[in-house]
Amino acid sequence: MFSIVKNWKLFFAITVTFLVVGLGSILFRGFNLGIDFTGGGIMDLSFNRAVTVSEVRDVLKEHNLGNSIIQLENVDGEQSSKGVLIRTGVIEETQRREVMTDLKNKLGDFQIQRVEQVGATIGGELITQAVMAIVLSWVLMIAYITMRFEFKFALAAIIALIVDVLVTLSYFSLLHMEIDSSFVAALLTVVGYSINGTIVIFDRIREALKTHRRNESLGDMVDNCIWSTMTRTCYTVGTSLFAVVSIFLWGGETIHNFSFAMLVGFSSGAYTSVFLAGPLWLMLRGKLNA
Amino acid sequence: MRWNELGKFLIIALAIIGGFCVYIQPLSNSIKQGLDLQGGTHVVLQAVDTPEMKVDDDAVNRSVKIIERRVNELGLTEPVIQRQGKDRIIVELPGVKDPEKAIAMLGRTAMLHFQDQYGNVVLSGSDLKDARAQISQGNQAVVGLEFNSVGADKFADLTAKNIGKQIAIVLDGEVLTAPVVQEAITGGRAQISGSRSIEDAERLAILLRSGSLPVKIEILENRTVGPTLGQDSKDKSIKAFGIGIAGVFIFMILFYRLSGIVADIALLLYVMLLLLAMRYLGATLTLPGIAGIILSIGMAVDANVLIFERFKEEIRRGRTLRSAMDAGFSRAFVTIFDSNVTTLMAAAILFYLGTGPIKGFAVTLALGVVLSMFTAITVTKYMLRFLIYSNFTKNPWIFGVAAPKAESAKEVSK
């Protein structure tokens with residue numbers, strides 16, 4: 001049987017590498033924050049005729065919005081499309097309405113697919129709220145696990161969770177994927193779900209501690225606990241990931257980033273539960289041999 | 001062989017499968033859908049201070065009432081008007097046909113003035129009794145006004161004093177119409193011409209009927225999903241849902257055989273109970289909420305996997321099917337309970353801090369965790385117990401457990 005505990009250095013190293021790359025990207029590349037956070041406007045319109053980017057930009061220029069991002073939908077080498085996505089900075093509701101009236105007058109009628117417009121103040125509040133939510137979830141879980149297990153289990157589990165959240169954030173920074181308010185929900189789901197894997201293993205350790213004999217090292221015991229829950233881990237992670245992948249692949253554009261965050265977070269959660277949480281607990285007890 | 005026990009199992013199983021086939025469609029259609037699925041507009045309004053009027057509690061409450069009147073006139077099904085915090089109002093307009101015009105209407109102050117040619121305000125919106133859109137004799141869309149008794153006197157006075165002169169009807173500083181008075185009007189009625197269409201006139205009439213807002217209202221946030229995108233999201237999420245669930249079902253049968261089938265039947269019951277609970281609580285189904293359901297199915301499966309794995313372990317230790325099953329359930333329960341409580345915590349936080357679709361997601365996730373504990377543990381347990389107690393087989397393979405001998409042989413070879 002492969003010993004996870006004895007090879008802890010390898011797994012710690014993998015984690016640290018991921019975190020260094022991720023944190024580096026977060027520091028130097030930053031995030032692609034959506035309008036939920038930064039404020040701004042999105043107009044997703046489908047025109048009755050195909051329009052080009054420059055046509056749309058000409059109209060926007062008249063409203064001092066020439067630097068907006070304009071994307072055409074479903075273009076395969078075509079220069080024009082009926083579907084247009086316009087992203088502007090923070091604008092007033094009245095200004096947006098004027099722009100849309102102008103677009104209608106100059107480029108013909110369209111149907112509104114989606115319009116989003118968020119003021120700058122709301123964005124700032126959302127960041128505070130998101131950070132509060134995540135930290136609050138950690139505090140509550142530390143309290144609960146301390147109550148049901150003991151403090152060192154709680155600490156090890158939360159460190160594993162922090163890694164999961166950081167890894168998910170890293171991916172979004174590295175791939176420059178847009179972060180919106182549903183991302184916060186995805187992160188909290190990752191927190192709520194990934195903790196399960198760790199709890200299942202810690203539950204085994206808690207049970208094994210009762211019948212633990214002196215002649216078996218604590219490290220071997222943890223290894224046994226991890227391996228005896230391995231089938232469960234594989235099956236559960238397998239089915240959950242299958243469900244998430246199916247949302248990712250077929251759930252449509254609107255929910256793409258949301259499911260991607262869960263995909264990354266769940267994978268990381270499986271890794272940290274199996275390879276990190278146990279050794280971390282041993283380390284906190286001072287029983288991890290160098 | 002005990003037919004009695006087997007019969008109980010079959011009745012429960014068939015009842016669940018039959019109920020699922022018959023009720024799933026009407027049940028899922030009866031749940032309120034979020035704006036992201038049915039299309040509609042979500043607007044956050046903020047009351048702001050102006051030099052003339054400071055925002056206070058009473059002003060915001062009155063604004064909510066007035067906006068409520070305006071929205072109700074739009075004739076939508078189940079619009080939402082909610083005060084949020086100190087100075088914000090949330091408005092949700094599901095399935096609104098012309099979101100742009102509706103939004104423009106929500107935040108308008110709608111302060112109506114009648115002025116003489118020197119700009120003196122003689123009458124205001126509070127002197128009105130009613131306002132209706134009409135077609136005038138000249139086939140023009142107009143708004144017919146009816147004054148209350150005070151207003152009628154004032155208007156008679158205004159027109160009597162200004163014969164041959166121009167008066168102006170002004171809304172929020174913008175002149176709507178400026179007719180020249182022909183004669184004194186004493187009937188307490190007047191008309192505002194200048195509307196481009198009967199719809200325009202209708203909107204103006206609604207604004208005048210509902211009264212003017214006591215404070216300035218700004219639009220802080222607007223999210224509109226068109227009906228096409230909503231339908232598209234719905235179709236796609238149903239497809240993703242189907243594929244995800246089918247995968248999970250097949251997986252359970254492949255790995256746990258008869259136990260897997262039992263777990264799948266319990267999952268069917270779970271989906272029905274979840275939808276029923278959402279309907280009963282008036283919860284809204286949103287796009288992230290559907291993801292929440294798929295996820296909670298994954299977690300319901302986790303409970304069964306934990307139980308069945310324990311069950312397998314107990315069989316390998318040489319227990320009989322009956323005692324292994326009881327031990328599996330009771331031991332796995334603690335694990336499932338602890339891990340689900342932590343997930344519930346995350347859902348609770350989402351509920352308190354989230355808004356709109358996120359709140360919907362939190363509700364679905366939390367309901368899912370609680371209900372899945374019931375179906376995956378209790379329901380599965382009783383169904384399996386009936387099966388095992390019916391003594392129709394003693395072969396653990398049927399229940400997804402490799403025969404103990406083969407397993408121990410593997411251990412030795414290691």
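Which residues of α8(A) meet A:Val274, A:Gly278 and A:Leu282 in α10(A)? They are A:Leu218, A:Gly219, A:Val222 and A:Ile226, where contact needs C-beta atoms, placed from the backbone, within 7 Å. Welcome to a predicted model, in which local features need pLDDT of at least 70, side-chain atom pairs count only at pLDDT 80 or more, and totals for chains, interfaces and linings use all residues. Residues are numbered from 1 along each chain as its sequence is written, while chains are lettered from A and ligands numbered from 1 in the order in which they are written.

By class, the contact of α8(A) with α10(A) has five nonpolar, two polar and no charged residues. Nonpolar means Ala, Val, Leu, Ile, Met, Phe, Trp, Tyr, Cys and Pro; charged means Asp, Glu, Lys and Arg; the others, Gly among them, are polar. Helices (H or I, at least four residues) and strands (E, at least two) are DSSP runs, numbered from the N terminus.

The packing of α8(A), residues 218-228, on α10(A) looks like this:

| Feature of the α8(A) and α10(A) pair | Value |
|---|---|
| Angle | about 155° |
| Distance between axes | 10 Å |

The two helices α8(A) and α10(A) are therefore roughly antiparallel, a term for angles over 145 degrees.

Now to the partner chain. The contact takes 52 residues from chain A and 55 residues from chain B. On the side of chain A that touches chain B, α7(A) gives the largest share, 13 residues. That side divides into 25 nonpolar, 20 polar and seven charged residues.

Technical notes
Contact = placed C-beta atoms within 7 Å. Axes fitted to C-alpha atoms, helices over the stretch in contact; angles between N-to-C directions. Parallel < 35°, antiparallel > 145°, perpendicular 65-115°, else oblique.
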